[in-house]
Amino acid sequence: MYNMDYDLAASHWIKKDQTSVHMSDKDLKEKIDTFIKGHNTCALATASSDMVRNTPIEYNYIDGFFYFFSEGGIKFKCLKENKNVGMAIFEPYGGFGQLKSLQVEGIAEIVEPFSDEYLKIMAFKKIPVEVMKKLPQPMYLIKVVPKMFDYLDSDLKKEGFGSRQHLDY
């Protein structure tokens, strides 16, 4: 019977990062911001004690935070119990030499409907307040405060850096 060494597998990038050439935090943050702003959809992973949910969803990245309008769904069952979330933004797979993706870990908050922050995001998305107020229930607004980013970009090797870069936020 195969005896999987999960700890060995989990340590792969940690070991690789020890000898990798790292970008400055400032330059890495610029690359990450450019990548985030070049996309608008991610996979938002939420989890509770008995389930995991991974939702493809549109995001807006404003002032360093991710915002998601949602009508509802099972992800809220998870968010009730666990505010820790993961996000993945990525390019279609084109081969090992063309990898480009971003993983984000963060903390989710629910923004109060029609609060100043809620209205700010509605204005950004050009959603008229009167339209939202006519809904049976206003859409929920999830805000994710990032804690860390793992950026993978094969092109970074051409610049002399490791293809995977980590940034604590």
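The model is predicted. Its largest pocket has a volume of about 160 Å³, and the structure holds seven aromatic pairs. Strand β6 is joined to β5 by seven bridges and to β7 by twelve.

**Largest pocket**

- The lining consists of Trp13, Ser101, Gln103, Val104, Glu105, Met148, Asp150, Tyr151, Leu152 and Arg164.
- Two elements, β6 (100-111) and β7 (140-153), each give two or more residues to this lining.
- By residue class, the lining divides into five nonpolar, three charged and two polar residues.

**Strand pairing**

- Strands β5 (residues 84-90) and β6 run antiparallel.

**Aromatic pairs**

- Phe35 and Tyr151 form an edge-to-face pair, because their ring planes stand at 65° and angles over 60 degrees count as edge-to-face. The ring centres of Phe35 and Tyr151 are 5.7 Å apart.
- This pair links distant parts of the chain, with Phe35 in helix α3 (residues 25-37) and Tyr151 in strand β7, 116 residues apart.
- Both Phe35 and Tyr151 are buried.
- Phe149 lies in strand β7 and Tyr169 in the segment after β8 (164-168); the two are 20 residues apart, and their pair links distant parts of the chain.
- Phe149 has 0% relative accessibility and therefore counts as buried. Tyr169, at 44%, counts as partly exposed, because that value falls between the 20% and 50% cut-offs.
- Tyr59, Tyr61 and Phe66 are linked into a cluster by ring pairs.

**Charges over rings**

- The charged end of Lys143 sits over the ring of Phe65, 4.1 Å from the ring centre.
- Lys133 lies over the face of Phe114, at 5.3 Å from the centre of that ring.

How values were computed
Residues are numbered from 1 along each chain as its sequence is written. This is a predicted model: local features need pLDDT of at least 70, side-chain atom pairs count only at pLDDT 80 or more; totals for chains, interfaces and linings use all residues. Side-chain values use heavy atoms; hydrogens and water are left out. On a 1 Å grid over the protein atoms alone, a cavity is a set of points where a 1.4 Å probe fits but cannot get out, and a pocket is an open set with protein on both sides within 12 Å along at least five of seven lines; lining residues have an atom within 4 Å of a point. Grid points are joined across faces, edges and corners, and a volume is the space filled by probe spheres set on the points. Helices (H or I, at least four residues) and strands (E, at least two) are DSSP runs, numbered from the N terminus. Ala, Val, Leu, Ile, Met, Phe, Trp, Tyr, Cys and Pro count as nonpolar, Asp, Glu, Lys and Arg as charged, and the others, Gly among them, as polar. Rings of Phe, Tyr and Trp (its six-membered ring) pair if their centres lie within 6.5 Å; planes under 30 degrees apart count as stacked, over 60 as edge-to-face and the rest as tilted. Buried means under 20% relative accessible area, exposed over 50%, partly exposed in between (1.4 Å probe, protein chains only). A charge sits over a ring if NZ of Lys or CZ of Arg is within 6 Å of the ring centre and within 35 degrees of the ring normal. Two strands pair if DSSP finds at least two bridges between them.
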